[in-house]
Amino acid sequence: MKKILICILSVLLLCSCSAETQKKSSNSQPSDALYVKAVWITYYELQSFTENCNTAEEFKEQITDAFDNLHDKGFNTVTVQVRPCADAFYNSSYFPVSQYCFGEEGSELKYDPLQIMCEAADSTKMRIEAWVNPYRVSQQKDIKKLSENNIAKKWYEEKNGNVYIADKAIYFNPASEEVKKLIVNGVTEIVKNYEVDAIHFDDYFYPTTDKDIDKNEYDDYKNNGGELGLATWRRENVSDMIKSVYSAVKNANKNVLFGISPAAGMKNDYESLYADVYKWTTEEGYCDYICPQVYFGFLNDSLPFMKTVKDWRDQVTSCSLYIGLPLYKCGKVDEYAGRGENEFKENSNMISRQIKYIAQIDAVIGYYVFSYSYLQDEDLQKEVSNLYSAMQ
């Protein structure tokens, strides 16, 4: 009888574990049971869908087919760039319709691409993440080309310091409290209104080290008794925004994740972009995951792939770690790679080798491939075929 009871308890325990495993591996949320295999879909790749689809029905059919094909190939996550600048591929109370959506910024929203993509992701068993650029306003510097309903244009004309032009583009000022509030509100409306699995930021933070862009704000800070140096103060501005976004996401929906995909060079992030990845990856309350863009080959002189991945593995303690992979470099000379400059050109298994390498590192629980259109590039089909084989 005792042996029988032990057997029954063992079976029940196994069933319980199985049920828990199934629960953890559900479509909506990454966990130890779900190894994330994501593809970035950029705004210009989404544009190829929206500009060719005049109706919601056409867009739904095409985007569903695309997601379904990605799922069949082995991907389980799409990360869609729905706010490339101070604009939107969705119905927003804060940002005008993107010029990349239907051809003109501030135009009528013919249909809601993000809503349809959320539905398509659900029907194809894909996770979906909303990719947002928090500080970038426009990729050209003519403020007059912004639509009249773009808050950045109003702020610039008011000369209130919330917007500046740098490096031939327009940006929100990270030192501004109004800007931080706008970013938080913009993220909150996505989480509340759309069934996304995550909010995703990439590597655009301070676009320049120029001391003049936030001089007035920094002078006010110092005049009011602030003691931080300019670089530290700027990092605190960005980190405060990141922490506020994290809190806003969790308050809106605790099951939605917040992730960041910084450049791979931690020192450059810290010193030039004022992105304190050291803090974000070791302290709670900043992000659920980090996905450094390790866009380098194995022989790269400055940031060789394996060492760079290991450096991030050793750095990250407070959040999950994924790795961004550079399909876009395949078939080309890697100009600044030193002895590895021809690596991506001479080999057709670079991404598959990278996938296999990071699979050996327990701390890395997934990868993101940049980007969608390169999966269809006819010149890269051998590389892509190897990539798909490595994904299985």
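Trainee: What makes D311 and K307 a salt bridge?

Mentor: This is a predicted model, and in it the side chains of D311 and K307 come to 2.9 Å, N to O. The cut-off is 4 Å between a Lys or Arg side-chain nitrogen and an Asp or Glu carboxyl oxygen, so the pair qualifies.

Trainee: Why is D311 called partly exposed?

Mentor: Its relative accessibility is 30%. Buried needs under 20% and exposed needs over 50%, so D311 falls in between.

Trainee: How do you know that E148 and K153 form a salt bridge?

Mentor: Their closest N and O atoms are 2.6 Å apart, and that is within 4 Å, so the label holds.

Trainee: Are E148 and K153 buried or exposed?

Mentor: One of each. E148 has a relative accessible area of 66%, over the 50% mark, so E148 is exposed. K153 has 8%, under 20%, so K153 is buried.

Trainee: What makes R339 and D301 a link between distant parts of the chain?

Mentor: First, the salt bridge: 3.3 Å, N to O. R339 belongs to the loop between β10 and α13, while D301 belongs to the loop between β9 and α12, and the two are 38 residues apart. As for accessibility, R339 is exposed at 61% and D301 is partly exposed at 46%.

Trainee: On to the rings. How many aromatic pairs are there in the whole structure?

Mentor: The search finds 29.

Trainee: Why is the pair W155 and F172 called edge-to-face?

Mentor: The centres are 5.9 Å apart, within the 6.5 Å limit, so the rings pair; the planes meet at 75°, over 60, so the pair is edge-to-face. W155 is in helix α6 and F172 in strand β6, so parts 17 residues apart in sequence are tied together. W155 is buried at 7%, and F172 is buried at 1%.

Trainee: What makes F201 and F258 edge-to-face?

Mentor: Run the test again: 5.0 Å between centres and 85° between planes, so these rings pair edge-to-face. F201 lies in strand β7 and F258 in strand β8, so this pair ties together parts 57 residues apart in sequence. F201 has 0% relative accessibility and counts as buried; F258, at 0%, also counts as buried.

Note on methods
Residues are numbered from 1 along each chain as its sequence is written. This is a predicted model: local features need pLDDT of at least 70, side-chain atom pairs count only at pLDDT 80 or more; totals for chains, interfaces and linings use all residues. Side-chain values use heavy atoms; hydrogens and water are left out. Rings of Phe, Tyr and Trp (its six-membered ring) pair if their centres lie within 6.5 Å; planes under 30 degrees apart count as stacked, over 60 as edge-to-face and the rest as tilted. Helices (H or I, at least four residues) and strands (E, at least two) are DSSP runs, numbered from the N terminus. Buried means under 20% relative accessible area, exposed over 50%, partly exposed in between (1.4 Å probe, protein chains only).
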